[in-house]
Amino acid sequence: MLCLRDITYERNGRRILSEINMKFQEGMSYSILGPNGAGKSTIAQVLMGVVKPTGGEVLLDERDITGLNVTERARLGITLLWQEPARYDGITVKEYLTLGGKVKVDKNELKEVLELVGLPYELYAHRFVDKSLSGGERKRIELASLLLLRSRYAILDEPDSGLDITAGELIENVLEYFRKVGTTVILITHHEEIAAKTDFAYFVCAGRLLKKGFSREVVDYYKKTCGRCFLTGMVGDDDKD
Ligand SMILES: Nc1ncnc2c1ncn2[C@@H]1O[C@H](COP(=O)(O)OP(=O)(O)OP(=O)(O)O)[C@@H](O)[C@H]1O
């Protein structure tokens with residue numbers, strides 16, 4: 001089990017996260033839901049080891065991994081889909097997804113995963129992962145690479161950002177695939193309809209955990225309360241996207 005225990009994070013004298021406690025059990029899917037600036041990406045970065053919390057611990061199977069960096073955590077099976085997808089000039093989609101042939105993936109699986117993320121194998125497998133692909137296409141390729149990795153934990157930071165109208169269905173298929181291969185998903189989003197697709201949810205606002213539980217309940221709470229409290233006094237309902 002992956003846990004955040006009493007995580008606090010301060011930057012330039014400003015408190016960004018306050019005493020965050022979260023548990024991510026294997027075999028379940030989770031979302032971290034909250035408005036812009038709530039601290040969701042910072043939580044993802046703390047989980048991944050990109051930022052070191054000012055206080056508290058990150059635990060994996062009760063082992064303190066707070067001091068481990070991104071590479072060390074990736075070795076333990078914690079991986080992240082970045083908000084901004086990377087480019088790899090001169091490498092084809094197929095080479096990228098199989099790490100140049102190092103990862104043994106048969107063609108059927110490669111085809112299945114590419115099609116799952118909405119990219120037909122015949123059209124994309126031999127394209128280069130460079131600027132000729134759109135941001136949305138690169139994001140889909142990164143998602144495919146995470147699906148093929150079969151890591152213990154996959155943190156998806158705004159997986160729908162930069163994707164078009166089909167994103168909702170895509171996320172559903174992606175969650176189903178991760179479930180099938182045994183990867184526990186932690187999905188960061190400010191869209192309640194995306195959060196509703198996971199089993200459990202955490203609602204954060206202004207760096208604090210305000211509600212946790214079954215996703216449907218948390219989403220209902222979010223819809224009823226977000227924008228109406230003192231924490232986000234300046235955010236009105238009409239400003240939410
Ligand atoms: N390097 C930094 N220096 C100062 N403040 C920062 C820094 N990084 C993040 N913050 C602030 O911390 C808060 C939380 O940011 P974070 O990116 O975690 O929010 P978020 O919930 O992921 O938002 P969004 O949905 O807009 O991506 C924001 O108010 C942001 O401005």
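Biologist: What share of the contacts in the chain with a separation of 6 or more comes from residues 24 or more positions apart?

Modeller: Those residues account for 67% of them, where contact means C-beta atoms, placed from the backbone, within 7 Å. This is a predicted model, in which local features need pLDDT of at least 70, side-chain atom pairs count only at pLDDT 80 or more, and totals for chains, interfaces and linings use all residues. Residues are numbered from 1 along each chain as its sequence is written.

Biologist: What makes up the secondary structure of the chain?

Modeller: The chain has nine helices and twelve strands; these are DSSP runs numbered from the N terminus, H or I of at least four residues for helices and E of at least two for strands.

Biologist: Why does Phe203 count as buried?

Modeller: A residue is buried if 20 or more other C-beta atoms, placed from the backbone, lie within 10 Å of its own, exposed if 12 or fewer, and partly exposed in between. Phe203 has 26 C-beta neighbours inside 10 Å, and therefore counts as buried. By that rule, 39% of the 241 residues of the chain are buried.

Biologist: Where does Phe203 lie, and which residues is Phe203 in contact with, leaving aside neighbours within four places in sequence?

Modeller: Phe203 belongs to strand S11. Its contacts of that kind are Leu33, Gly34, Leu210, Lys211, Val218, Tyr221 and Tyr222. The C-alpha atoms of Phe203 and Val219 are separated by 8.2 Å, with the two residues 16 apart along the chain.

Biologist: How do you know that the buried residues of helix H9 are on the same side?

Modeller: In H9 (residues 215–225) the buried residues are Ser215, Val218, Val219 and Tyr222. They cover an arc of only 100° around the axis, which puts them on the same side of H9; the arc is that of the directions from the helix axis to the C-beta atoms. Exposed Arg216 and Lys224 are on the face turned away from that buried side. The cover over the buried residues includes strand S3 (29–33), helix H8 (192–195), strand S11 (200–205) and strand S12 (208–214).

Biologist: Why is strand S9 called largely enclosed by the rest of the structure?

Modeller: Five of the five residues of S9 (residues 153–157) are buried, hence the description. Tyr153, Ile155 and Asp157 are on one side and Ala154 and Leu156 on the other, so by the burial cut-off both faces are covered.

Biologist: What makes S6 and S10 partners of S9?

Modeller: Two strands pair if DSSP finds at least two bridges between them. Strand S6 (residues 78–81) is joined to S9 by four bridges, and S9 to strand S10 (residues 184–189) by five. The strands run parallel in the case of S6 and S9, as they do for S9 and S10. Thr79 has Ala154 as its bridge partner in S9, while Ile155 stands opposite Ile186 in S10.

Biologist: Which residues touch the most other members of the largest nonpolar core?

Modeller: Leu47, Ala144, Leu147, Ile155 and Ile186 do, in a core of 62 residues. Such a core is a set of buried Ala, Val, Leu, Ile, Met, Phe, Trp, Tyr and Cys residues joined through C-beta atoms within 7 Å. Beyond four places in sequence, Ile155 is in contact with Ala44, Leu47, Met48, Thr79, Leu80, Leu81 and Ile186.

Biologist: Why is one side of S2 and of S5 left without a neighbour in the sheet?

Modeller: The open sheet of four strands has the order S2-S1-S4-S5, paired antiparallel. S2 and strand S5 (63–64) stand at the edges, each with a single partner strand, so one side of each has no neighbour in the sheet. Seven bridges link strand S1 (residues 2–11) and S2, and five link S1 and strand S4 (residues 55–60). Leu4 has Met22 as its bridge partner in S2 and Val58 in S4.

Biologist: Which residues come nearest to the ligand, and which element gives the largest share of the shell?

Modeller: Asn36, Gly37, Lys40, Ser41 and Thr42 come nearest, out of 13 residues around the ligand; a residue is near if its C-beta atom, placed from the backbone, lies within 6 Å. Strand S2 (14–24) and helix H1 (40–48) are the elements giving two or more residues. H1 gives the largest share, three residues.

Terms used. Contact = placed C-beta atoms within 7 Å.
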